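This report reviews selected local features of a protein model, for use alongside the sequence and the coordinates.

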Amino acid sequence: MANLLENNVEGKIGTQKYLCTISWRNGTLLMDEPENIGGQNIGPDPFSTFLASLAGCTLSTLRMYIDRKGWDIPEIHISLNLAQELNPELETTISRAISFPDTVTDEQKERLLLIAEKCPISKILKNKITINTTL
């Protein structure tokens, strides 16, 4: 199975509690935890970053579709959160709310909802995931 990314996403942490530096293609992202659990709140926490991936993928997928259709939808908003509970296994539910300007028709909204479900990150999250960890 071939990698999707040309270069690996890489990360490192030093002695500063919870502050991680994550590098990709040509950029760097700082990740941290909130102050209330010992971080310094310098960057997004892992859960926020995870949801940001889904948000960015959903928005980009919708924009590609809207542009291809030639629809006049200048702005899309998205809001995400997640909840977890044990019963007896860990169950995670992601809430994703997408909103459009009032000019978008109900028919367009229905189609865009289907397209949002087809974004690559949504597909990854809804299918089997295997994490192979090595040292």
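The sections below cover the basis of the model, salt bridges, cysteines, surface patches and backbone geometry.

## Basis of the model

The model is predicted: local features require pLDDT of at least 70, side-chain atom pairs count only at pLDDT 80 or more, and totals for chains, interfaces and linings use all residues. Residues are numbered from 1 along each chain as its sequence is written, and side-chain values use heavy atoms, with hydrogens and water left out.

Helices (H or I, at least four residues) and strands (E, at least two) are DSSP runs, numbered from the N terminus. A residue is termed buried under 20% relative accessible area, exposed over 50% and partly exposed in between (1.4 Å probe, protein chains only).

## Salt bridges

Three salt bridges are found in a search of the whole structure, the criterion being a side-chain nitrogen of Lys or Arg within 4 Å of a carboxyl oxygen of Asp or Glu. Arg-96, Glu-117 and Lys-126 are linked in a network. Within it, Arg-96 and Glu-117 meet at 3.2 Å, N to O. Arg-96 belongs to strand S5 and Glu-117 to the loop between helix H2 (106-116) and H3, so this pair ties together parts that are 21 residues apart in sequence. Glu-117 also forms a salt bridge with Lys-126, with the closest N and O atoms 1.9 Å apart. Relative accessibility is 23% for Arg-96, which is partly exposed; Glu-117 is likewise partly exposed, at 32%, whereas Lys-126 is exposed, at 56%.

Asp-67 and Arg-63 form a further salt bridge at 3.4 Å, N to O. Both residues lie in helix H1, four residues apart, or about one turn of the helix. Arg-63 is partly exposed, with 26% relative accessibility.

## Cysteines

How many disulfides does the rule give? The count is zero, a disulfide being defined as a pair of cysteine sulfur atoms within 2.5 Å. For Cys-57, the closest cysteine sulfur is that of Cys-119, at 3.4 Å, which is too far for a bond. Cys-57 is buried, at 13% relative accessible area, while Cys-20 is partly exposed, at 23%.

## Surface patches

Patches consist of residues with over 30% relative accessible area and no salt bridge; like charges are joined within 9 Å, and nonpolar side chains (Val, Leu, Ile, Met, Phe, Trp, Tyr) within 5 Å. Accessible areas come from the Shrake-Rupley method with a 1.4 Å probe, and for residues only the protein chains shown count as cover. Lys and Arg count as positive and Asp and Glu as negative, without His and the chain ends; charges are placed at NZ of Lys, CZ of Arg, CG of Asp or CD of Glu.

Arg-68, Lys-69, Arg-111, Lys-118 and Lys-123 form a positive patch. Lys-69 is located in helix H1 (residues 46-69) and is partly exposed, at 47% relative accessibility. A nonpolar patch of about 520 Å² comprises Phe-50, Ile-94, Ile-124, Leu-125, Ile-129 and Ile-131. Leu-125 sits in helix H3 (residues 120-126) and is partly exposed, with a relative accessible area of 31%.

## Backbone geometry

The peptide bond from Asn-87 to Pro-88 is cis, with omega near -25 degrees. Pro-88 occupies the loop between strand S4 (77-86) and strand S5 (90-99).

Tyr-18, although not a glycine, has a positive phi of about 70 degrees; its loop runs between strand S1 (10-13) and strand S2 (20-24). Asn-41 also has a positive phi, near 60 degrees, and lies in the loop between strand S3 (27-31) and H1.
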